[in-house]
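Welcome to the tour! Open your viewer, get your selection tool ready, and follow along stop by stop.

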Amino acid sequence: MRPALPVLLAFCAVALTGCATAPAPCLSFGDQHRIYRAEASGVYDASARAAVFKKIGCEIPDPQARVSRLEGRPELVASDSIPQIYSWFGNSQDAAAWAASYAARHRSAEVSRALAQAFERNERPTATALYAMALNQGSVESAHDLAFAYLHGWDGQAKSPWAAYYWYHHGAMRGIPESLKACVALEETLYAATPAYVTPCKTIAAGGLK
C-alpha cells in the first residue's frame, strides 16, 4: 500500500530541512589530506597552511587562543598566512606587535623575512624592523629589502639615501645583483659632485673587489 501524498511531502520537507541546516564539516577531505601530507613530510605549502588555519578557526572560538596555537609552529607563519592572522587580531597594529615579538622569540631569518614582506603594505615601520631582524638572523637578501625601506622612509623617519646606500653596498658585496644595480644608480646621485671618485659599487660592477 503506497503512502498518501501528504505523508510523502511531509517526509521530503523534513529531509530537506535537515540537510539544509546540518552543519558543514570543518574540513573537507582535501583539507584533511593536505594537513596529513604536511604533517608527514614536515613541508607546509600555502594550501597546507590554509587548511591548518581553517582547522584552528573551526576548533577555537577565541582569537587570542587561536594565535597561541601558532606558538612553536614557525612553519605556519608566512606572508600568505598573515591575512588570516590579521583577521584574528582585528587590526594590523596588534598583528604587527605580535609579529615583532614572535620573530624575536623564534630567531628564524626565514620567518622574520616572511613577516616583513607581509607587513610592507599596512605597517611599514614594522616591516623595516623585521627586515633588520632577518638580516641579523642571517638573511643576506634582507640587506636589499632594508636598503629599499630606508630609501623610501619606511621606518617613519626621513628618507635616507646614505643608509640605503650602505645596505645596497652590503648586498652588492654579497653577490645580490639587484643590490649592485641599485647601489650603482645611487652612486650616480650621491657622488655627482665628485665624478672622478672611484666608487665601490661601480668597481664591483666593473669586475673588481672579488
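**Before you click**

This is a predicted model, in which local features need pLDDT of at least 70 and side-chain atom pairs count only at pLDDT 80 or more, while totals for chains, interfaces and linings use all residues. Residues are numbered from 1 along each chain as its sequence is written, and side-chain values use heavy atoms, leaving out hydrogens and water.

**Stop 1: the whole chain**

Show the chain as a cartoon. How many helices and strands does the secondary structure come to? There are 12 helices and 0 strands. Here, helices (H or I, at least four residues) and strands (E, at least two) are DSSP runs, numbered from the N terminus.

The accessible surface of the chain is about 12,300 Å², and carbon and sulfur atoms supply 59% of it. Such areas come from the Shrake-Rupley method with a 1.4 Å probe; for residues, only the protein chains shown count as cover. Of the 210 residues, 36% count as buried. Buried means under 20% relative accessible area, exposed means over 50%, and partly exposed lies in between (1.4 Å probe, protein chains only).

Next, think about contacts, meaning heavy atoms within 4.5 Å. Among contacts in the chain with a separation of 6 or more, 49% are between residues 24 or more positions apart.

**Stop 2: two crossing helices**

Select residues 82-89, which are helix α5, and residues 92-106, which are helix α6. Their axes come within 8 Å and cross at roughly 115°. Axes are lines fitted to C-alpha atoms, for helices over the stretch in contact, with angles from 0 to 180 degrees between N-to-C directions.

Show the side chains where the helices touch: Ile85, Tyr86 and Phe89 in α5 meet Ser92, Asp94, Ala95 and Trp98 in α6. The residues of this contact divide into 5 nonpolar, 1 polar and 1 charged. In this count, Ala, Val, Leu, Ile, Met, Phe, Trp, Tyr, Cys and Pro are nonpolar, Asp, Glu, Lys and Arg are charged, and the others, Gly among them, are polar.

**Stop 3: the disulfides**

A disulfide is a pair of cysteine sulfur atoms within 2.5 Å, and the structure holds 2 of them. With bonded cysteines counted along the chain, the pattern is 1-2, 3-4.

Select cysteine 26 and cysteine 58, whose S to S distance is 2.2 Å. The link is right-handed, with 115° about the S-S bond. Why does this pair tie together parts that are 32 residues apart in sequence? Because cysteine 26 sits in the loop between α1 (5-21) and α2 (29-41), while cysteine 58 belongs to helix α3 (residues 46-59). Cysteine 26 is partly exposed at 27% relative accessible area, and cysteine 58 is partly exposed at 44%.

Move on to cysteine 183 and cysteine 201, with sulfur atoms 1.8 Å apart. This link is also right-handed, with 75° about the S-S bond. Cysteine 183 is in helix α11 (residues 177-190) and cysteine 201 in helix α12 (residues 200-205), 18 residues apart. Are these two buried or exposed? Both cysteine 183 and cysteine 201 are buried.

**Stop 4: phenylalanine 148**

Finally, select phenylalanine 148 in helix α9 (residues 142-151). Its relative accessibility is 34%, so phenylalanine 148 counts as partly exposed. Leaving aside residues up to four places away in sequence, phenylalanine 148 touches Trp154 and Tyr168.
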